Every structure is written in structure tokens, then in C-alpha cells.
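I opened the notebook to look up a few local features one at a time. Each entry starts from something I wanted to check.

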Amino acid sequence: MHSAPKQSEFVKTCPFGSGFYLPAEQAWRTLKVFHAYQLVLSSAFFTLFASHTGPSIFGQSNPGLFQAVSLTYFALTLFSTVFIRKPYIAYTRQVQFKIIADIIFLTFLMHASGGITSGLGVLLAVSVAAGGLLAGGQCTLAFAAIATFAVLGEQTYADINDVFPKTAYMYAGVLSASFFTIAVLALVLAKRVETSEQLALKQSREIDDLIQLNDYIIKHLQSGIIVIDQHQTIRLANKAANTLLGLKLTTGASLSDISIEGSQLFKRWLRSPHENSAILAASSNTPRIKLHFNQLDSFTDNAYIIFLDDLSSVDQQIQQGKLASLGRLTASIAHEIRNPLGAISHAGELLSESPSIEKEDQRLLDIIHNHTGRVNSIVKSILQLSRQEDSHIESIPLAHWLNEFESQFMEQFGLTKSPLIINIPNDINNIDFDKNHLKQIIDNLCSNALKYGQQTPSHPQIEIRCGIQKATQRSFISISDNGTGIEDTVAAQIFEPFFTTSSSGTGLGLYISNQLAELNHAKLSYSANAAGGSTFTLLINNT
């Protein structure tokens with residue numbers, strides 16, 4: 001991810017005034033270029049003079065001084081390479097030393113070659129310009145002033161001591177004026193560069209803040225986001241997409257390898273772009289998901305974004321509406337049934353007390369008792385469903401709660417030995433759930449497992465396993481039996497109201513348990529065991 005340069009990545013090139021800052025990498029690179037120029041220039045002076053192949057003006061006034069200065073100039077420049085390669089000395093100090101040394105050496109070489117009329121003084125303009133690039137700010141004017149004093153001082157010295165046959169104060173003045181002209185231009189350019197750098201730094205920081213904000217929004221967005229290219233290769237996926245699909249989406253993976261159905265829906269959208277939404281069916285680990293496809297026009301190549309929305313909350317609202325309507329309807333029906341049902345049951349009990357009842361009639365009375373009892377159980381379940389209150393979620397210590405439930409379950413069924421095998425890891429502490437609803441759900445599942453899910457009823461075994469689902473990081477409680485299992489055609493309907501395969505059942509137990517789970521933002525699902533038997537899993541939202 002792009003990030004703005006830090007203040008530590010800049011160097012202050014001039015110590016005067018507010019200073020002038022340059023990116024450290026750029027500043028050192030420019031200094032190395034100037035150092036290379038000094039190496040070439042100093043070596044050229046010494047080599048051409050020593051080999052007598054250079055211009056005749058080199059050292060024409062004082063050959064010994066020219067040779068000594070050019071050799072010293074080259075040796076010192078060569079030695080300073082160490083400090084350029086490994087910056088033991090600060091950048092500012094090195095720039096000041098190199099520019100001032102350059103002015104001094106070039107002034108002596110100019111003097112040894114006949115003074116300012118030799119034309120070597122023009123090279124001082126290069127040093128002043130280099131100072132403007134390397135230091136900037138008021139330092140550029142300082143370098144121009146030093147070069148001016150050097151030129152005028154050399155001309156004054158030569159005039160006083162009659163070193164040269166004629167003076168050139170006019171030439172020296174023009175050259176000095178050019179130094180300040182170059183310095184002023186360099187100062188203006190440096191100020192513009194500084195302003196541009198500050199603007200670029202500010203914009204870079206703003207872009208960095210926007211990128212971080214976008215990353216934060218995408219990461220914490222409740223809707224899942226997947227960005228793919230034309231080959232269905234994933235380029236970006238947020239945390240919500242991983243949670244909704246129950247998978248770890250990695251950059252570079254193919255959408256077809258992760259979700260075949262999602263890949264097929266994407267291809268269908270490419271064929272019919274006007275149908276830009278589709279539904280992924282729910283599974284045991286994932287909710288029902290709505291996919292929304294769009295093409296990203298801002299990308300240079302073809303890229304597409306897929307929005308994933310969890311429809312479980314919508315389904316829950318619809319279900320709550322259905323439940324409220326059903327509750328009002330069933331409550332009125334139950335009240336209407338309960339009164340005549342109570343009269344029938346009471347009349348049957350009175351009739352059974354009559355001494356004149358024959359055995360054949362007694363059998364009919366038993367049928368009346370059994371069926372009125374079953375209808376009464378259905379009425380109670382319906383009234384319980386219609387009077388369902390909102391959940392009061394609280395933190396429940398799961399291990400302690402399961403131990404209490406085990407004792408109550410044994411007492412409820414009159415068992416001397418517990419059929420429950422409880423497996424709970426140490427990292428499971430508390431869950432957030434309505435305590436009464438949790439008791440009703442687990443009690444119903446364990447009761448069903450005890451009644452219908454045992455191959456050897458004399459030695460019942462019910463496994464209660466707790467843990468954290470790796471894909472979604474949600475807590476779960478699963479109840480498994482060792483019975484014959486449930487047929488696939490039956491398993492698809494077990495959570496529907498009034499569906500039952502038992503002559504004595506009401507068909508509302510699992511339906512009510514499922515509704516209670518949804519009231520607590522949980523999910524109840526069924527799966528068949530590989531070795532036989534059934535497993536019901538309660539997947540709980542962690543808050």
C-alpha cells in the first residue's frame with residue numbers, strides 16, 4: 001500500500017532561515033552526480049597539464065602552483081569518495097565543503113593560468129549553480145557571495161602585486177553579477193521545488209489517509225466484497241466475504257474453485273448483464289446470500305466487483321412476520337379448541353368411572369383419552385408458540401450450564417445414569433443466549449435423541465460437543481445420537497411446523513427450536529453422521 005514519505009526521509013539542505021528540504025534519496029543522488037563532475041574535472045586538469053596535452057593557458061602564469069593545486073584538487077576529491085559512498089558526514093556539511101572547496105581550487109587554478117582573462121572563472125558559475133541544486137535557499141546566495149569575493153579578491157591581489165600586465169575589473173564585475181543572477185534564479189527554482197515537494201507531500205498524505213480509510217471501510221463492511229478479473233481470479237476480498245461464504249478467500253485463487261455456484265451465476269450475468277443479481281442457497285454453514293454483480297470501469301483491464309449480502313436478517317424478519325400472524329391465528333384456534341376438548345376429556349373421565357362400562361366400551365374410552373391428550377399437547381405447543389416473547393440475551397457460562405442441564409435431564413426422565421457425553425474445550429467460556437430458550441432447544445434435541453435416536457435403548461448415548469467453527473469463528477453446540485438417522489426426504493422437512501413421523505408427536509418441537517434459535521440470532525441445522533445417527537448443530541453468533 002502506498003504511504004506518504006515521513007519527515008525523516010527528507011534532509012534539510014541549508015541551515016539558514018527556514019531551510020530547504022529535499023527527499024533524502026534525491027539529494028544524495030544529486031550530490032553523487034556533482035562529485036562525479038568534480039572527479040572528471042580535477043583529473044582532467046591534472047592529467048592534461050602533466051602530459052602537456054592541455055590548452056596552453058593551463059599554468060601559463062604559475063606552472064608550479066597549477067600542478068600543486070590540480071593534484072591536491074584531484075586527491076581531495078578522490079578521497080571524499082569514501083564519504084559519498086558511506087555518509088559518515090552529514091549531507092549539509094558535505095555540500096558546503098565541496099562547493100567552497102570547488103570555488104577555492106578553481107580560483108587558484110584560474111590565478112595560475114593568467115587570472116580572470118584565462119576564462120576558467122566561468123567554471124565558478126557551475127559551482128554556484130550546483131550549490132543552488134544541492135543546498136538551495138539562502139545558501140545559494142552565500143555561495144555566490146563567496147565566489148564573488150574569490151574572483152574580486154584574486155583580481156585585486158593580482159593588481160596590487162602587478163602579477164599580470166593588465167587588469168580586468170570589468171570582466172570580474174560581470175562574472176560576479178552572473179554568479180548572483182544564477183543564485184537568484186536557483187533560489188526561485190528551489191523555492192518552487194520546495195513548494196511542489198510540500199504540495200506533493202500533503203497530497204501523498206491525503207491519498208494515504210484515503211487509502212487507509214477505504215481499507216478500513218472495506219474490511220469492516222457488513223456486505224461482502226469480492227473483486228475478480230475476466231479470468232475469475234480473485235484480486236480482493238474483505239472479511240465479510242470470508243464469513244458469509246465460510247471460506248478463506250485468498251488473492252490469486254479462482255472463484256470457480258471456491259464457489260462453483262457463484263462462478264456459474266457470474267457467467268450467467270456476463271451473458272445477461274441486465275440480470276445483475278442472484279441468490280446463493282443456504283447451506284449448513286452459510287446463510288442465504290444475495291449476489292450483486294458490477295463491472296469496474298476505472299480499472300485498466302476488465303475487473304468486476306461482487307457484493308454479497310446476508311439475507312438471513314431479511315428472512316428472519318419475514319419469518320417473524322409469519323410467526324406473528326401464525327401466533328394470532330393459532331391462539332384464537334387453540335382457545336376455540338381447548339374448551340370443547342376439555343369438555344370431551346372431562347366427559348370421558350366421568351364415563352370411565354361408571355361401573356356399567358363394558359370392556360369393549362372401555363377400549364373406546366382409552367382411545368378418547370389418548371387422542372384428547374395428544375390434541376391437548378398440540379394445543380399447548382401452539383399456545384406456547386403464539387405467546388413467544390422476545391429473547392433476553394445474556395452471558396451464559398457454558399460448562400456450568402451444561403452440568404446443571406445434565407442433572408435436570410436425568411431427573412426429568414428418571415435416569416440413574418446420565419446418557420450425556422459432554423465434550424467442551426477449555427477455550428469455550430461464555431456464550432450469549434437467552435437462558436430459557438437455550439434450555440428449551442437443548443432439552444428438545446436431547447429428548448428426541450433419547451426417544452428416537454438409540455440403537456440400544458437400554459444403554460442410551462447422546463454426545464454434546466462444543467467448540468468454535470474455524471471458518472466463521474462462531475461458537476457451536478452439537479447434539480449427536482447413534483440411531484439409524486433420518487432419511488434425506490424426511491430431513492428436508494423436519495423444521496416445518498406440524499411435520500412428524502411419530503404417531504405421538506406434535507410436529508412442533510423442532511420448528512419451535514428453530515424459531516427460538518433465530519430469535520437469538522443463531523442457526524439450527526441438521527446433518528447425518530458418517531457412521532449412522534443424526535447431529536443437530538446450534539451455531540451461535542459471538543458478540
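**Entry 1: salt bridges**

Is Arg 29 buried, exposed or partly exposed? I found Arg 29 partly exposed, with a relative accessible area of 47%. I keep in mind that this is a predicted model.

I then looked for the partner of Arg 29. It is Glu 25, and the two form a salt bridge with the closest N and O atoms 3.8 Å apart. Glu 25 is exposed, at 63% relative accessible area. Both residues belong to helix H1 (residues 24–50) and sit four residues apart, about one turn of the helix. An α-helix has 3.6 residues a turn, so residues three or four places apart point the same way.

How many salt bridges does a search of the whole structure find? I got two. Besides the pair in H1, Lys 439 forms a salt bridge with Asp 443. Here the closest N and O atoms are 3.9 Å apart. I placed Lys 439 and Asp 443 in helix H14 (residues 435–452), again four residues apart, about one turn of the helix. Lys 439 is partly exposed, with a relative accessible area of 25%. Asp 443 has a relative accessible area of 15% and is buried, because buried means under 20%.

**Entry 2: helix H5**

I checked the length of H5, residues 122–134. At 1.5 Å a residue, its 13 residues should span 18 Å. The end C-alpha atoms are 19 Å apart, which agrees.

Next I listed the buried residues of H5. They are Leu 124, Ala 125, Ser 127, Val 128, Ala 130, Gly 131, Gly 132 and Leu 134. After H5 comes Gly 136, and its phi is positive, near 70°.

**Entry 3: the five-stranded sheet**

What is the strand order in the open sheet of five strands? I read S9-S11-S12-S14-S13, with mixed pairing. The edges are strand S9 (420–423) and strand S13 (523–528). Each has a single partner strand, so one side of each is left without a neighbour in the sheet. The twist averages 20° from one strand to the next.

S9 and S11 run parallel and are joined by four bridges. In this pair, Ile 421 stands opposite Glu 463 in S11. S11 and S12 are antiparallel, with six bridges. Gly 467 has Phe 476 in S12 as its bridge partner.

Lys 523 has Leu 539 in S14 as its bridge partner.

I then looked at what packs on the sheet. Helix H13 (residues 398–413) touches S9, strand S11 (462–468) and strand S12 (475–480). The direction of H13 makes about 180° with that of S9. Helix H16 (residues 509–519) lies across S13 and S14. H16 runs at about 130° to S13.

**Entry 4: Ser 513 in H16**

Is Ser 513 buried or exposed? I found Ser 513 buried, at 2% relative accessibility. Ser 513 lies in helix H16.

Which residues does Ser 513 contact, leaving aside its neighbours within four places in sequence? I noted Gln 440, Ile 441, Asn 444 and Leu 524.

**Entry 5: positive phi outside glycine**

I looked up two loop residues. Asp 162 is not a glycine, yet its phi is positive, about 50°. Asp 162 sits in the loop between helix H6 (138–160) and helix H7 (169–220). At 61% relative accessibility, Asp 162 counts as exposed.

Where does Gln 473 lie? I found Gln 473 in the loop between S11 and S12. That hairpin has six residues between the strands. The phi of Gln 473 is positive, near 60°, and Gln 473 is not a glycine. Gln 473 is exposed, with 51% relative accessibility against a cut-off of over 50%.

Conventions. Residues are numbered from 1 along each chain as its sequence is written. This is a predicted model: local features need pLDDT of at least 70, side-chain atom pairs count only at pLDDT 80 or more; totals for chains, interfaces and linings use all residues. Side-chain values use heavy atoms; hydrogens and water are left out. The expected span of a helix is 1.5 Å times one less than its number of residues. Buried means under 20% relative accessible area, exposed over 50%, partly exposed in between (1.4 Å probe, protein chains only). A salt bridge is a side-chain nitrogen of Lys or Arg within 4 Å of a carboxyl oxygen of Asp or Glu. Two strands pair if DSSP finds at least two bridges between them. Axes are lines fitted to C-alpha atoms, for helices over the stretch in contact, and angles run from 0 to 180 degrees between N-to-C directions. Contact means heavy atoms within 4.5 Å.
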